[in-house]
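Please keep the sequence and the structure in view while reading.

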Amino acid sequence: MTTDVREICRKALAEFGSGHQINKAKEELFELGAALSHYTEGRASMNDVRTEIADVLIMASQLALLFGEQEVTNEMERKLGRLSDRLGMYRENPKLEPVVTNIDYYYGG
Ligand SMILES: [Mg+2]
């Protein structure tokens, strides 16, 4: 996370408190889920989804500061490594590749 993002998130946590920001994160996660559901039903735009993704990323940054930024970064690296390994496996054996790989194709975009 950039220094500016970290600083703003620290200020938000100090101003509003960790309990409040955890509840806000839960609210934003729900809003993103709802926006994605509405998008797949043709009732929300890509911009509606983008704004909710931004809210979630901001709240996730605050959660990372609360729960341990370095530990979250380490976990992301571990999971991205695992995903990368899986993608390599798909390249080596195309029969294992997921049926739907392009969201625009899937949703007719
Ligand atoms: Mg929101």
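## H1 against H2

In this predicted model, H1 and H2 pack at an angle of about 115 degrees, and their axes are 6 Å apart. The two helices are therefore roughly perpendicular to each other, since angles of 65 to 115 degrees count as such.

On the H1 side the contact is made by Ala12, Leu13 and Phe16, which meet Ser18, His20 and Gln21 of H2. By class, the residues in the contact of H1 with H2 are three nonpolar and three polar, with no charged residues.

## H1 against H3

The axes of helix H1, residues 3-16, and helix H3 come within 9 Å and cross at roughly 75 degrees. H1 and H3 are therefore also roughly perpendicular to each other.

Val5, Arg6, Cys9, Arg10, Ala12 and Leu13 of H1 meet Ser61, Gln62, Leu65 and Leu66 of H3. The residues in the contact of H1 with H3 comprise six nonpolar, two polar and two charged.

## H2 against H3

Helix H2 covers residues 18-40 and helix H3 covers residues 46-67; their axes come within 9 Å and cross at roughly 150 degrees. That angle makes H2 roughly antiparallel to H3, because the term applies to angles over 145 degrees. The crossing of H2 and H3 is left-handed.

H2 contributes Ser18, Gln21, Lys24, Ala25, Glu28, Leu29, Glu31, Leu32, Ala35, Leu36 and Tyr39 to the contact. From H3 come Asp48, Val49, Glu52, Ile53, Asp55, Val56, Met59, Gln62, Leu63 and Leu66. Sorted by class, the residues in the contact of H2 with H3 are 12 nonpolar, three polar and six charged.

## The loop between H2 and H3

Just after H2, Gly42 has a positive phi of about 75 degrees. Ala44 is in the loop between H2 and H3. Ala44 is partly exposed, because 16 other C-beta atoms lie within 10 Å, whereas a buried residue would need 20 or more.

Leaving out residues up to four places away in sequence, Ala44 touches Ala35, His38, Tyr39 and Val49. Ala44 and Ala34 are 10 residues apart in sequence, and their C-alpha atoms are 9.5 Å apart in space.

## Helix lengths and exposure

At 1.5 Å a residue, the 23 residues of H2 should span 33 Å, and the end C-alpha atoms of H2 are 33 Å apart, which agrees. Helix H4, residues 69-92, has 24 residues and should span 34 Å; its end C-alpha atoms are 35 Å apart, which agrees. The number of buried residues in H4 is zero, so H4 lies largely in the open.

## The chain overall

The secondary structure of the protein chain comes to five helices and zero strands, in the order α-α-α-α-α along the sequence. Buried residues make up 6% of its 109 residues. Among contacts in the chain with a separation of 6 or more, 59% are between residues 24 or more positions apart.

Terms used:
Residues numbered from 1 in each chain as written. Predicted model: local features only at pLDDT ≥ 70, side-chain atom pairs only at ≥ 80, totals over all residues. Axes fitted to C-alpha atoms, helices over the stretch in contact; angles between N-to-C directions. Helix = DSSP H or I, 4+ residues; strand = E, 2+ residues; numbered from the N terminus. Parallel < 35°, antiparallel > 145°, perpendicular 65-115°, else oblique. Left-handed = near helix turned anticlockwise from the far one by under 90°. Contact = placed C-beta atoms within 7 Å. Nonpolar A, V, L, I, M, F, W, Y, C, P; charged D, E, K, R; others polar. Buried ≥ 20, exposed ≤ 12 C-beta atoms within 10 Å, placed from the backbone. Expected span 1.5 Å × (residues − 1).
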